[in-house]
Amino acid sequence: MIGFLSTGKALVPFVLKFCYDVAFMKWSYSRINSFSFCPKKYQFRYVLEIAVPQKPELAFGVALHAALEKNFLHKIVSREDMPLKEVLQAFYEALEQALVNVSDEALFGPTDPLYLRSMGENFLEQFMTERAPALQPAPRGVETFFNLPLPGSHEMTGKFDLLDTHWVLHDFKTSSKPYHAHKADKTQLVIYAWACERMFGRAPKAICFDVFVKGDGSEGMVALQAPLFFSVPDPSEMARVADNLYKQIEKILEVQSSGVFPRSFMPLRCHWCEFQKMCVSSWEEAGKPPPQRIKMAPIV
Ligand code: SF4
């Protein structure tokens, strides 16, 4: 178990954590996805639960979601959007709070707090003017948690952003580039449709991605993209995804019980990874093993 030895974590919490996961068997899609991306990263994040400084991009996304959530929760009752000024206030407060966990060195250029604040203002102004007035949230349709049963007593938990009264399920996304429909994560679409059916007794009419394109300092669009609509997967597709998710979970549990989590990449090149520093030092201690991919069956 190179991971916990090199990071100095005690064995007892590791064993307890593993027993907890196996006993309760609750999974999120991002957790499963993280393993497929890099098992070592999964180990740092979900097994050893190592806290890392939050990324400013994530803090920005969290603040934008918080402001939209506040508006739509208010709208469920009042049937009216909040004044823009109040939505922006909710955004400023959430951003300030989320940036507390971001290291100062990370806050420059396109992630400078003043830039983030001004970008958020522009996004929210555009959204509240052009899109929000046409959206009436369904009761229980804002930031709704779901629990989906999987084979083998596993459960998939998650949350969707907004279900409107026309049965369109919305996912708010921040992205550095415009989103292309063909690149959308099909598993996520299936999970949303399935969650809607389970919670409300019917599938959504469509799934819509509302994408806030940040540009991230490079030239190009910084704006709210035109809504992207996706058709809803059929029940046989949902059943197939459930079965494939179960197989992936079984694979993860197998690796987890072995305690050996390979790296999918050369850690020196993983500049985007928040665990890069500790990964490089444990990789050097382990004699710089080459990257190794664990073959996972496709989900969709
Ligand atoms: S630095 Fe690279 S190899 Fe290491 S955990 Fe992160 S993604 Fe995986």
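1. **Confidence first.** Please keep in mind that this is a predicted model. Its mean pLDDT is 87, with 90% of the residues at 70 or more. Among the elements, helix H6 (residues 84–99) has the highest mean pLDDT, 97, while helix H1 (residues 2–7) has the lowest, 31.

2. Over residues 1–24 the pLDDT stays under 50. For this stretch the model has 35 contacts beyond four places in sequence. Where pLDDT is low, the predicted coordinates should not be read in detail.

3. **Domain layout.** The protein is divided into two parts: domain 1 takes in 2–52 together with 241–285, and domain 2 covers 56–230. In the contact between them, 15 residues of domain 1 meet 15 residues of domain 2.

4. **Buried area.** The size of an interface is often given as the accessible area lost when the parts come together. Here, about 1,300 Å² is buried between domain 1 and domain 2, and carbon and sulfur atoms give 68% of that area.

5. **Polar links and the domain 1 side.** On the side of domain 1 that touches domain 2, strand E1 (26–28), helix H3 (29–37) and helix H9 (235–258) each supply at least two residues. H9 gives the most, with 8 residues. By class, this side of domain 1 has 10 nonpolar, 3 charged and 2 polar residues.

6. **Salt bridges in the whole structure.** A search of the whole structure finds 8 salt bridges. One of the pairs to look at is Lys26 with Glu155, whose side chains meet at 2.9 Å, N to O. Another salt bridge joins Asp210 and Arg131, with the closest N and O atoms 3.0 Å apart. Asp210 lies in strand E5 (residues 206–213) and Arg131 in helix H7 (residues 113–131), so this pair ties together parts that are 79 residues apart in sequence.

How values were computed: Residues are numbered from 1 along each chain as its sequence is written. This is a predicted model: local features need pLDDT of at least 70, side-chain atom pairs count only at pLDDT 80 or more; totals for chains, interfaces and linings use all residues. Side-chain values use heavy atoms; hydrogens and water are left out. Domain bounds come from an automatic or database domain assignment. Contact means heavy atoms within 4.5 Å. Buried area is the accessible area (1.4 Å probe) that two parts lose on being put together, summed over both. A salt bridge is a side-chain nitrogen of Lys or Arg within 4 Å of a carboxyl oxygen of Asp or Glu. Helices (H or I, at least four residues) and strands (E, at least two) are DSSP runs, numbered from the N terminus. Ala, Val, Leu, Ile, Met, Phe, Trp, Tyr, Cys and Pro count as nonpolar, Asp, Glu, Lys and Arg as charged, and the others, Gly among them, as polar. pLDDT is the predictor's confidence in each residue, from 0 to 100.
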